[in-house]
Amino acid sequence: MKKFLSTLRNREDRKYFLTVLGSKLLGAAVVFALYFAVKAILRGSSAWADDSTMAPMGAAAGAATAAAAPAAAAAAAVPAYVSPINTVWVLVTAFLVFFMQAGFMMLEGGFARSRETVNVMLEGIIDTCLCGLLFYGWGFAWMFGAGNGFIGNQYYFLHNIPDTYGSTGVPTLAIFLFQFAFADCTSTITSGAMVGRTGFVGDLLYSFVVSGVLYPILGHWAWGPDGWLNNIQPAAFHDFAGSTVVHTIGGMIALAGAVVLGPRLGRKFKRDGGGPMPGHDMTIASLGTIILWFGWYGFNPGSTLSAMDTLGIARIATNTTLAAVSGGIAAMFFVYPRSKIWDCGTTCNGLLAGLVAITCPCYWVSPFGAICLGAIAGVVVVLGTDLLEYLRIDDPVGAWPVHGLAGVWGTLSLGLFATGQYGAPTPTGADNSAAMLVKGLFYGGGFTQLKAQMIGSACIGGGALITGFILMYAVHFATGTLRVSKEGELQGLDIHEHGGSAYPELPTSA
């Protein structure tokens with residue numbers, strides 16, 4: 001305190017302090033003014049109404065089809081009820097999905113250089129905090145509120161939410177928590193391709209738009225109760241747990257960020273006689289991979305929103321496991337003949353690519369189908385990494401190959417490997433009626449479902465890529481905060497941006 005008062009005696013220091021303090025107070029006042037203005041405008045509108053007629057929702061988009069709408073309307077006459085077992089199931093799996101943030105932070109931190117580890121950790125923490133507030137304010141409303149085919153318009157600031165969401169029998173607040181964990185993953189995926197040269201203020205700016213605007217609007221198209229992709233005829237687009245909605249969106253925005261930023265200083269690509277910069281700690285990167293795998297058991301099985309569909313949950317968990325193991329093995333053996341090394345980083349990314357790919361079709365494919373599509377994902381991620389290297393695009397953790405490219409493959413694989421035996425989960429079990437069954441090309445379903453998957457993947461993935469470029473260029477040119485200065489990057493983000501190293505007693509890598 002004494003040092004602080006002494007500093008204020010200096011006229012320039014006092015002026016700087018008052019300027020910063022005034023700007024902070026002004027910013028807070030603007031935020032609160034906007035909050036109360038929006039609240040006043042919408043208080044009397046239908047957007048704040050308690051609407052219990054909403055169609056069933058989940059990360060399981062298969063439950064949000066046109067066929068489900070009449071059932072939701074019929075359920076409106078029935079008083080809302082809470083299913084204790086389904087509520088506990090959703091909450092426990094939400095906690096698992098949330099724990100994936102620890103996996104992302106360790107994975108990205110391990111693949112980064114030691115001098116930017118603190119930066120990776122803080123970005124993961126603050127992105128989670130920021131996403132929570134934005135999803136509470138309007139993200140959940142835009143994504144899961146009824147509105148039109150492109151954006152929702154209910155439940156701003158969780159105001160006047162119904163006790164249970166649609167006919168799920170699960171409290172809306174539990175659904176909110178589950179979906180917040182999904183939203184948080186998208187912004188974290190984006191940061192992986194931008195490691196090592198992104199300014200912290202720039203990260204805050206693009207994360208605000210990704211979590212608060214792009215993800216909820218694009219996600220509404222597939223998972224919203226009236227999203228337009230749910231009404232494609234003759235077959236609706238399906239994305240059970242987010243190969244497109246979470247991973248493709250995050251991966252495509254990550255690609256845009258990597259392109260706009262340009263490569264890290266000193267990054268020399270293979271065609272120029274160089275190669276990828278090694279991560280500083282494969283121990284924590286590998287541990288992060290396994291934590292992500294563990295969290296995926298909440299990501300995929302939890303998307304049933306029902307503990308009563310026991311056979312469906314068991315099938316999803318098994319398919320998730322088999323796709324992961326086949327992806328890791330395929331990637332490792334695919335790379336070995338070229339490099340003559342058993343590469344740990346490639347194996348980790350192949351495993352994750354298998355998980356990303358199975359996320360869309362996990363409910364509708366057989367265990368054998370999961371092995372096949374997971375193995376293909378393991379090869380796809382290596383080819384995607386090769387493509388980035390050839391194009392001289394610096395993606396330190398492989399965010400686009402793992403999430404963007406494998407996400408597209410996983411979405412399309414549903415149109416190939418869906419067996420035609422399974423329909424959709426419900427609060428009391430599985431609905432395997434003929435109208436709900438999903439059948440792919442390899443099982444006699446023709447191109448109908450594959451065509452729907454192509455449309456959904458192209459529209460959401462393309463929309464994410466285009467808006468991602470607009471966002472990144474806007475932050476870069478309008479604010480100048482997207483990339484740190486040359487001096488700051490050479491010094492290392494941990495020292496330059498955060499005032500200290502993750503390993504103060506050890507020398508940091510170049």
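Begin with helices H13 and H14, whose crossing is right-handed (a crossing is right-handed if the near helix is turned clockwise from the far one by less than a right angle, and left-handed if anticlockwise). The model is predicted, so local features need pLDDT of at least 70 and side-chain atom pairs count only at pLDDT 80 or more, while totals for chains, interfaces and linings use all residues. Residues are numbered from 1 along each chain as its sequence is written, and side-chain values use heavy atoms, with hydrogens and water left out.

**First stop: H13 and H14**

Helices here are DSSP runs (H or I, at least four residues), numbered from the N terminus. H13 and H14 pack at about 160°, with their axes 7 Å apart; axes are lines fitted to C-alpha atoms over the stretch in contact, and angles run from 0 to 180 degrees between N-to-C directions. The two helices are therefore roughly antiparallel to each other (angles over 145 degrees count as roughly antiparallel, and those under 35 as roughly parallel). Select Val408, Thr411, Leu412, Leu414, Gly415 and Leu416 of H13, together with Gln449, Leu450, Gln453, Met454 and Ser457 of H14, to display the contact (heavy atoms within 4.5 Å). By class, this contact holds six nonpolar, five polar and no charged residues; Ala, Val, Leu, Ile, Met, Phe, Trp, Tyr, Cys and Pro count as nonpolar, Asp, Glu, Lys and Arg as charged, and the others, Gly among them, as polar.

**Second stop: H7 and H14**

The crossing of H7 and H14 is right-handed. Among the contact residues are Leu205, Tyr206, Leu214 and Trp221 of H7, and Ile460, Leu471, Met472 and Val475 of H14. The contact of H7 with H14 comprises 14 nonpolar, four polar and no charged residues.

Next, select H4 (residues 84-111) and H6 (residues 172-192), whose axes come within 8 Å and cross at roughly 15°. H4 and H6 are therefore roughly parallel to each other. H4 passes H6 in a left-handed crossing. The residues of H4 in this contact include Phe95, Phe98, Phe104 and Glu108, and those of H6 include Phe178, Phe182, Asp184 and Ile189. The contact of H4 with H6 divides into 15 nonpolar, five polar and two charged residues.

How many cavities of 30 Å³ or more does a search of the whole structure find? The search finds one. On a 1 Å grid over the protein atoms alone, a cavity is a set of points where a 1.4 Å probe fits but cannot get out, whereas a pocket is an open set with protein on both sides within 12 Å along at least five of seven lines; lining residues have an atom within 4 Å of a point. The largest cavity has a volume of about 70 Å³, a volume being the space filled by probe spheres set on the points, which are joined across faces, edges and corners. Of its 13 lining residues, Leu107, Glu108, Val397, Ala399 and His403 lie nearest the centre. H4, H6, H11 and H13 (399-417) each supply at least two residues of this lining. The lining of the largest cavity divides into seven nonpolar, five polar and one charged.

About 840 Å³ of space lies in the largest pocket. Select Lys270, Pro276, Asp343, Thr346 and Thr385, the closest to its centre of the 32 lining residues. H10 (310-339), H11 (344-359) and H12 (367-390) are the elements that give two or more residues to this lining. H12 gives the most, with seven residues.

Key:
Angles under 35 degrees count as roughly parallel, over 145 as roughly antiparallel, 65 to 115 as roughly perpendicular and the rest as oblique.
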